[in-house]
Amino acid sequence: MAPVVKGELSDAEQKMLDAILKGSTAEIAALLKEPGVRVDCLDKTGMTPLQHAAFKGRADVCRLLLDNGADVNSNYHENDYSTLHFAALSGKVDVTNLVLEAGANVDHTNSVNRTASQMAAFVGQHDCVRAINNFFPKFELEKFTVPTGFEKEPKLPPVLLNPLYLLINSTNLNPVKVALFLKEHRDLVLESYKVCKVLDLVVECAMKSRSTNDVQAIKCHYFASIIRHANKSLKNSEDNLDAFVKSLAKGRDSDGFQEMQDRLVRQSLKEFPYPESQLLQTLVRQIAPMKIGDGSALSVLISGMYGPSFEDDTACTTCGETKAEKKCSACKCVNYCNQTCQKLHWPTHKKFCKILAVEQEKREAKQKEEEKRQKQKQAEMEAEMKAAKLTEATSSEETQTKGDNSAAAGGDNSQAGGSESKTEESDINGKESGEEKTTDNKTGEAVEGSAETS
Ligand SMILES: [Zn+2]
Ligand SMILES: [Zn+2]
């Protein structure tokens with residue numbers, strides 16, 4: 001087969017690239033079936049359709065292209081960006097995981113010698129950095145779904161493969177988030193004995209392999225702890241884990257501190273079966289001196305596992321998910337992913353919402369006051385300028401009657417008037433405003449100057 005040439009696209013291939021940017025999956029699927037359409041065709045920069053879809057953050061399209069045989073490690077981009085680079089830059093964890101699962105090479109570097117993980121860190125996509133650095137391949141779990149040796153049944157029921165794989169690769173360690181996931185995949189809790197046994201084996205493997213992976217081990221052990229807790233909390237077979245989720249989200253009356261979460265994190269670390277782990281020792285050293293409520297064991301755990309994170313003011317107050325865009329409408333001080341998260345936090349938040357609202361109101365009032373002061377100041381300045389212009393006009397009239405050279409002053413005056421009306425317009429027009437302001441300033445100085453002399 002002839003090598004693929006950059007930028008040599010058939011009409012249908014061009015249409016497919018356009019559809020990846022703004023079309024539906026059905027449209028792309030139809031285009032893929034057209035004769036002569038190559039799933040790995042290259043645009044003029046050397047990007048494949050899959051790379052475009054990854055950069056756009058379109059998980060559905062990535063899956064479709066991969067199912068159609070797209071090469072996840074295509075390497076023709078002009079700056080050596082891989083599909084994983086594009087996925088990481090998109091900031092979408094699901095796309096990043098999909099590309100990783102398809103066998104993306106995590107060590108591939110681009111033309112500035114950066115891996116996908118390093119590029120993601122560079123642009124602040126920390127969720128994707130975590131996803132790449134902590135990726136657990138599916139085949140490692142798959143082997144537990146077939147019986148080995150004398151086993152009559154596999155260690156992991158095959159139906160639990162996907163949910164467990166998703167759990168292990170999730171990067172959010174917030175217990176509420178984990179509990180919400182378990183609520184959706186309740187079989188993991190109902191079969192907790194088997195699931196936790198598999199997780200224990202993953203932990204063992206991570207700690208006993210040649211290059212130990214403490215992060216992976218502590219994370220899997222931690223998830224197993226939450227699953228065991230969830231299982232213990234089950235009242236009956238109908239229990240949908242609502243009570244468990246609520247208990248984790250609940251904050252104490254005095255300050256809203258989520259005590260149950262904190263105790264769960266501490267207990268999980270205490271029970272980690274490899275006390276020689278350096279990471280464990282670091283975590284324990286930091287958490288042990290903290291009294292319950294003094295600081296968050298969860299924050300210590302997260303920064304210990306993933307490195308210090310930046311204060312994220314878009315994180316959901318309930319589940320820690322980033323980019324939570326809904327705010328409590330009363331106080332505007334807390335973010336949530338959705339109504340579920342808000343409802344979960346309300347029993348705790350309602351005790352503080354009013355106080356926060358008052359504080360927020362004060363802040364807003366202060367801001368308004370400041371704006372008012374600024375406006376007043378501006379109005380005063382404008383009035384002063386007008387008065388000065390008036391004086392100047394009278395003085396120029398006087399000079400005119402005296403028969404002096406009045407042209408310059410008159411010209412200045414008209415310019416001042418002209419530019420004043422223009423400044424309002426120029427606020428909208430960024431580029432012009434700079435120029436106009438300079439003229440205005442000059443005229444202002446000129447006006448002031450003449451006011452002084454008169
Ligand atoms: Zn949330
Ligand atoms: Zn509120």
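How do the axes of helix H5 and helix H6 cross, and within what distance do they come?

## Helices H5 and H6

In this predicted model, the axes of helix H5, which spans residues 83-90, and helix H6, which spans residues 93-101, come within 8 Å and cross at roughly 165 degrees. Because angles over 145 degrees count as roughly antiparallel, H5 is roughly antiparallel to H6. The crossing of these two helices is left-handed.

On the H5 side, the contact is made by Thr83, Leu84, Ala87, Ala88 and Ser90, while H6 contributes Val95, Thr96, Val99 and Leu100.

## Serine 117 in helix H7

Serine 117 is found in helix H7, which covers residues 116-122.

When neighbours within four places in sequence are left aside, serine 117 is in contact with Ala88, Val106, Val129, Ile132 and Asn133. Of these, Ala88 also takes part in the contact between H5 and H6, on the H5 side. Serine 117 and arginine 130 lie 13 residues apart along the chain, and their C-alpha atoms are separated by 8.2 Å.

## Tyrosine 165 in helix H10

Tyrosine 165 has its place in helix H10, made up of residues 161-168. With 18 other C-beta atoms within 10 Å, tyrosine 165 is partly exposed, since this class lies between the limits of 12 or fewer for exposed and 20 or more for buried.

Not counting residues up to four places away in sequence, tyrosine 165 touches Lys138 and Leu141. Phenylalanine 139 is 26 residues from tyrosine 165 in sequence, and the two are 9.7 Å apart in space, taken from C-alpha to C-alpha.

## The two faces of helix H17

Helix H17 runs over residues 278-287, and its buried residues are Leu280, Leu283 and Ile287. These three cover an arc of only 65 degrees around the axis, so they are on the same side of H17. The face turned away from this buried side carries Gln278, Gln281 and Arg285, which are exposed.

Which helices do the buried residues of H17 pack against? Their partners are helix H14 (214-233), helix H16 (259-270) and helix H18 (297-306).

Note on methods: Residues are numbered from 1 along each chain as its sequence is written. Chains are lettered from A and ligands numbered from 1 in the order in which they are written. This is a predicted model: local features need pLDDT of at least 70, side-chain atom pairs count only at pLDDT 80 or more; totals for chains, interfaces and linings use all residues. Helices (H or I, at least four residues) and strands (E, at least two) are DSSP runs, numbered from the N terminus. The arc is that of the directions from the helix axis to the C-beta atoms. Two residues are in contact if their C-beta atoms, placed from the backbone, lie within 7 Å. Axes are lines fitted to C-alpha atoms, for helices over the stretch in contact, and angles run from 0 to 180 degrees between N-to-C directions. Angles under 35 degrees count as roughly parallel, over 145 as roughly antiparallel, 65 to 115 as roughly perpendicular and the rest as oblique. A crossing is left-handed if the near helix is turned anticlockwise from the far one by less than a right angle, and right-handed if clockwise.
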